[in-house]
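Student: Could you walk me through this structure? I have not looked at it before.
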Amino acid sequence: MKRFVPFLLAILALAAPGMGRAETGSWVKSGPVEARLVASVQGVGDLAKIPLGLEVRLEPGWKTYWRTPGDAGFAPRLDWSESRNLKATELIYPAPHRFTVLGFETAGYDAEVLFPIAATPAEPGKPLDLALKAELLVCSTICVPEMVALSLSIPEGPATPGPSANDIARAQSLVPGDGRASGLTVTAVRGQGAVLEVEVTAREPMVAPDVFVETDPPVTFAAPKSQFLDGDRRAILRMDATDPTPGLDLAGRAMTLTVVDGNRSVEAPATAAAGLGGGAGAAPAGLLAMLGVALLGGLILNLMPCVLPVLSLKLLSIVQHGGRAPAAVRAGFLASAAGILTSFLILAGALVAVKAAGGAVGWGIQFQQPLFLVFMVVLVTLFAANLWGLFELPLPRAVADRLGGPEGQGLGGQFATGAFATLLATPCSAPFLGTAVGFALARGALEVFAIFAALGVGLALPYLLIAAFPRAARLLPRPGRWMVALRRVLGGALALTALWLLSVLVVQVGEVPALAVAVLMGGLVAALWLGRRLAETARWAGAALAGLLALVAFAVPAVFGPSAGAAPVAESTAARWVAFDEAAIREQVAAGRTVFVDVTADWCITCQANKKLVLNRGTVAQRLEDAGTVTAMRADWTRPDESIARYLARHGRYGIPFNIVYGPGAPEGIALPELLTEGAVLDALDRASGKIKS
């Protein structure tokens, strides 16, 4: 019997009042909202303040409000009067989001939010029995005040961490502080009439900063217009009062400012100085600087591996120009440059339209669409067949004369070559390109067209240089029989590009549909070859069959679709990678771990180069395989994924690759350049882990 005594005593101790393990409160639902109380500790210990949390979940399309709600709404109203051993509580608000509806500006939260609460017991060390009546205003197309009655008991005993400790710590990290952790600083506040100007600096580049203003009497402001300087590390945010009282002058007004940029935030008291600062002219200056960045990014794009198949066409075009008159050389290269520039402007127009419609935008996202991939496979196959001499597209004599040459060697063919270069360049990212595209897509239509025009000029710069100095083409070998062999080699290079595109299509729609497209392309080439061998009057039969096979290939994605046997997207060939989970990043960092995030896609050539040359080899691979200290997350964007698109947008990125490292030494993350190097990755891992101070 004696051996059962310790066991019985342990059961009695757990069952005794005040000695049990604190549990999270039960979820209570009211209308579109449900809530519960949670605690960071399992016992009250001897704590003077006990960390709690009010956790709220909202149905899709509903929101609730911040402490200063804006044009409408009210903050949570809490009644603790029925609690026992509770002296006081303080509700703490995480950084809010802005909601603009029909010209009304409000601040609050959607989906879910956890409000940290500091509870002061009347008698420290005694059990704390909490009873809360929380009135929350929740709004969608209508607004409804909802009341939830919540309870939670925290017994006597050690204040050991409870199951909700990490969640409450993460919520506390989202509360605006003094800026030391976030790296944000309010450096100047100026007011003139109903206009307020806030100047903010940051350790890391800002993406989409917002400002919430609290002042007495209250004034509501529209979303700020941002002007970025110093590599996006300084921003001037100018706001207009939405419904100013007559004679309003913000100069000299005391206020509290909450600046939010993604997961970073800062709260600062301020008094607005009189007059507005150097905001005027800052945006044009920033745009001019970014145009230079875009020009350089477009030029470097010529050297990226995804453009190499097009470089083969450029080489052949240059050789064909050998010995021609300077005027003809200049016209041909200007036509190619025009094809590149026109394609970039069309791409800019499409992105502006998609953005205006509320869709996700980004560099190269058209490769997420199976129909576009089939279009590219057909186009590349036709280019390869043309280089192999399987078909020509003779133009009417009058048209050929106007275009400057026969059989597609005139301006029309050169223009098409430039457009083709742009299409194959889009799955690649180059240094400076991501910065320029992110700047453009985070702003208005004017900036998008200006930046994409600069990118086009950068990519077309080699053509423009030859056009400026056409006599340089005379240094090249003259056309001859050797060009037949060259055309076959270059056609083979394009055929390899078609195979790569088919491998991406496998991920989109599955192996069987992709194989069907491959067979159709083989039939297309065979039909063109057969047409070359038939009599002149029957050659159109081969061409017609090839056209029919191309049309059938376009129908394959519509018939099968992504759900019909699509191959699962592989996270990685290595077991060390885990699936991307943005919510888990802060949990990992709070636990002292370093998190490496790789946003990639099968269609992104630069991403594959980064993996092969840096991430999957040497010291970097060893560090990422250290499961004890590093969590390697891979976000696969091969297919459309709204969560990944939103994550990229919050970091000011609209293209991939995107790599960022989080850790105790860099909770907001250290973004890496598009082209990775071993040194840059290792340095970021060390800084994020806290081994090296930033």
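Tutor: Let me begin with a definition: two strands pair if DSSP finds at least two bridges between them. Please also keep in mind that this is a predicted model.

Student: OK, so in what order do the strands of the five-stranded open sheet come?
Tutor: The order in that open sheet is E1-E2-E3-E9-E6, and the pairing is antiparallel. From one strand to the next, the twist averages 25 degrees.

Student: Which strands sit at the edges?
Tutor: The edge strands are E1, residues 28-30, and E6, residues 86-91, each of which pairs on one side only.

Student: And how many bridges hold E1 and E2 in their pairing?
Tutor: E1 pairs with E2, residues 33-39, over three bridges and in the antiparallel sense. If you want a place to look, Ser 30 stands opposite Val 33 in E2.

Student: Which helix lies across E2, E3 and E9?
Tutor: That is helix H2, which lies across E2, E3 (50-58) and E9 (112-121) and runs at about 100 degrees to E9.

Student: Let me stay with H2. At what angle does H2 cross H14?
Tutor: The axes of H2, residues 165-173, and H14, residues 582-590, come within 10 Å and cross at roughly 100 degrees. Angles of 65 to 115 degrees count as roughly perpendicular, and H2 and H14 are therefore roughly perpendicular to each other.

Student: Which residues make that contact?
Tutor: On the H2 side they are Asp 167, Arg 170 and Ser 173, while H14 contributes Ala 583, Arg 586 and Glu 587. Sorted by class, the contact of H2 with H14 has four charged residues, one polar residue and one nonpolar residue.

Student: What about the buried residues of H14, which are they?
Tutor: The buried residues of H14 are Ala 584, Ile 585, Arg 586 and Val 589. These buried residues pack against H2, but also against helix H17 (642-650) and the strands E21 (594-600), E22 (630-636), E23 (658-663) and E24 (666-671).

Student: What follows H14?
Tutor: H14 is followed by Gly 592, whose phi is positive, near 90 degrees.

Student: Changing topic, how many disulfides are there?
Tutor: A search of the whole structure finds two disulfides. In general, a disulfide is a covalent bond between the sulfur atoms of two cysteines.

Student: What handedness do the disulfides have?
Tutor: The torsion about the S-S bond of Cys 139 and Cys 143 is about 115 degrees, so that disulfide is right-handed. For Cys 604 and Cys 607 the torsion is about 80 degrees, so their disulfide is right-handed too.

Student: Last one: what does the chain come to overall, in helices and strands?
Tutor: The secondary structure comes to 18 helices and 24 strands. Of the 694 residues in the chain, buried residues make up 47%. Among the contacts in the chain with a separation of 6 or more, residues 24 or more positions apart account for 75%.

Conventions:
Residues are numbered from 1 along each chain as its sequence is written. This is a predicted model: local features need pLDDT of at least 70, side-chain atom pairs count only at pLDDT 80 or more; totals for chains, interfaces and linings use all residues. Side-chain values use heavy atoms; hydrogens and water are left out. Axes are lines fitted to C-alpha atoms, for helices over the stretch in contact, and angles run from 0 to 180 degrees between N-to-C directions. Helices (H or I, at least four residues) and strands (E, at least two) are DSSP runs, numbered from the N terminus. Angles under 35 degrees count as roughly parallel, over 145 as roughly antiparallel, 65 to 115 as roughly perpendicular and the rest as oblique. Contact means heavy atoms within 4.5 Å. Ala, Val, Leu, Ile, Met, Phe, Trp, Tyr, Cys and Pro count as nonpolar, Asp, Glu, Lys and Arg as charged, and the others, Gly among them, as polar. A disulfide is a pair of cysteine sulfur atoms within 2.5 Å. Buried means under 20% relative accessible area, exposed over 50%, partly exposed in between (1.4 Å probe, protein chains only).
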